[in-house]
Amino acid sequence: MSDKNFKGEIRVASRIVDYLSSGLYDSPAACLKELINNSFDADATRVEVFVKPDADRLIIVDDGDGMDRKEFEKHFSMISESHKRDDSDMTKSGRPKIGKIGIGFIAANEICNVMEIVSTKFGSSELLQVEIRFDLMREDPNKRRRGDSEIAKADYFGTVDETTKDSHFTQIFLKEVRGEAQEILARKGRGKFVSGKRSIYGKKPDSISKILKDKNIKTWSDFDFYSKNILQIGLNVPVRYHDNWLSDKLQSEVEDIDKHVAGLNFSLYIDGTEVRKPIVFGSEEEALINRFHFKGEHVSADGYFYAQSTGIKPQELRGLLIRIRSAGVGEYDSTFLGFPPSIGSLTQTWISGELTVDDRLEEAMNIDRRTLRIDHPAYVELQEEVHNYLSDLLKRVRTEIYGSRSIIRKKKRAKEVEKKIVRIATHEIAKVAPESAKEIEKAWIDSTSDESVQKKILRKFTVDQFYEIVVEVAKEVLPPKFVNDFIKRLTDRLRR
Ligand SMILES: Nc1ncnc2c1ncn2[C@@H]1O[C@H](COP(=O)(O)OP(=O)(O)O)[C@@H](O)[C@H]1O
Ligand SMILES: [Mg+2]
């Protein structure tokens, strides 16, 4: 073999690592997130994903720092840990690196049989091309044993070519995409045949944001599989928010967060569609933002909680989303880290929050990057703080949002009653007693402007209370011989 060509076996350090790096990322979204976050760590500013129409092949292209043969072999001949943070845990451009465990890349074996890398680094004329074949993976682990503890995971075949020194990029081809993943990405899954499924394919951020605000969309499952995968990816990777993801007033309260994410300067396009965070809230009249800042002994966290006066839609946004180093940890947790469901259970569905938590919680993160170890001190401390915070927030939501909603309802009702009274006065009473009609109008008009009048107009009398008042007034103004007749007629009318 010439100097230009090389080959080898990708091995993992133990049966456990082999096991852990398989079956973790079974959905295309989960696998693509890993690859996209790798591009972020390589300081890419733009990542483009292309899904061939039948989704037999996926291409992920970034304009990042790239890798050379040495780096490839260092990481891939023996997968045991990541060397990404060896020198620094920040990228050259100052991003906190997301990768840590060193198995994200190879987990693509879950969704494809062959993976090809084409990459070059800035200032190097070396063009790296490697093909990784996962056929081995489909074999019995016992046949894949190498030496005492190592397990072979794939074969690789590489060449080194020449390219211009100033180019830098990484292209990853996922070939022979497997069964379910292919079906999902090809937009030919079940979804297509169910009428009414929505799609974001080929749409611009503005239209996507409008669709996400649509109250008729209850869940991401109202979208086809392809679109749902894009939403899931957007939730996890460090892309920007939509331009109008909140009302202007509320958005100004999270301006720093908005700016920070935009400042990461990272954009993602899937089949030409720009992917943003799928976090968009409907324009509820009654909504609020409550900021969260916590510096504890074991962990610190910052973020916001949004609350509105009805259940959040799509429901995937209900709960709490934790981010570590700008990448999501799993999806929204609708239990808010196990908050008692009995406390304001309905109001809990009105709340959606995001917290960026420091690296100490990263230690509590399980290898799947989706779940946290709930006995870790950082988790325990954060959980307690979030729960105390949430108790207060639920109170604020009840008084400010729910309270204000019922005040508005009351005002509306008072206005309606007022209208009816004025109508009776002008249509009925004015005919027999024009003076009194005017009095009535004067007494009740604008009942909504004064809270005590409002209360009076909405007051409910029982029949006996009503008799008492009417009889008293009748006795005051009518000659005794009419009182009897009056009460008799009144009783007849009320019983009719
Ligand atoms: N898009 C990319 N650009 C440059 N290097 C990459 C890219 N993707 C992966 N790598 C290299 O491959 C290594 C392995 O990636 P991965 O398995 O995801 O582990 P981790 O991200 O935890 O380091 C990375 O540490 C990095 O050196
Ligand atoms: Mg990674």
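**Close-up views of a predicted model**

The crossing of α2 and α6 is right-handed, meaning that the near helix is turned clockwise from the far one by less than a right angle. This is a predicted model, in which local features need pLDDT of at least 70, side-chain atom pairs count only at pLDDT 80 or more, and totals for chains, interfaces and linings use all residues. Residues are numbered from 1 along each chain as its sequence is written, while chains are lettered from A and ligands numbered from 1 in the order in which they are written.

**View 1. Here α2 meets α6.** Pro28, Ala29, Leu32, Lys33 and Ile36 in α2 face Asn229, Gln232, Ile233 and Asn236 in α6, contact being C-beta atoms, placed from the backbone, within 7 Å.

**View 2. Here is the shell around ligand 1.** Among its 23 residues, Asn38, Ser82, Gly99, Gly104 and Phe105 come nearest; a residue is near if its C-beta atom, placed from the backbone, lies within 6 Å. The largest share, four residues, comes from α2.

View 3. Glu176 counts as partly exposed because it has 14 C-beta neighbours inside 10 Å, whereas Arg325, with 22, counts as buried (buried: 20 or more; exposed: 12 or fewer; partly exposed: in between).

Technical notes:
Helices (H or I, at least four residues) and strands (E, at least two) are DSSP runs, numbered from the N terminus. Two residues are in contact if their C-beta atoms, placed from the backbone, lie within 7 Å.
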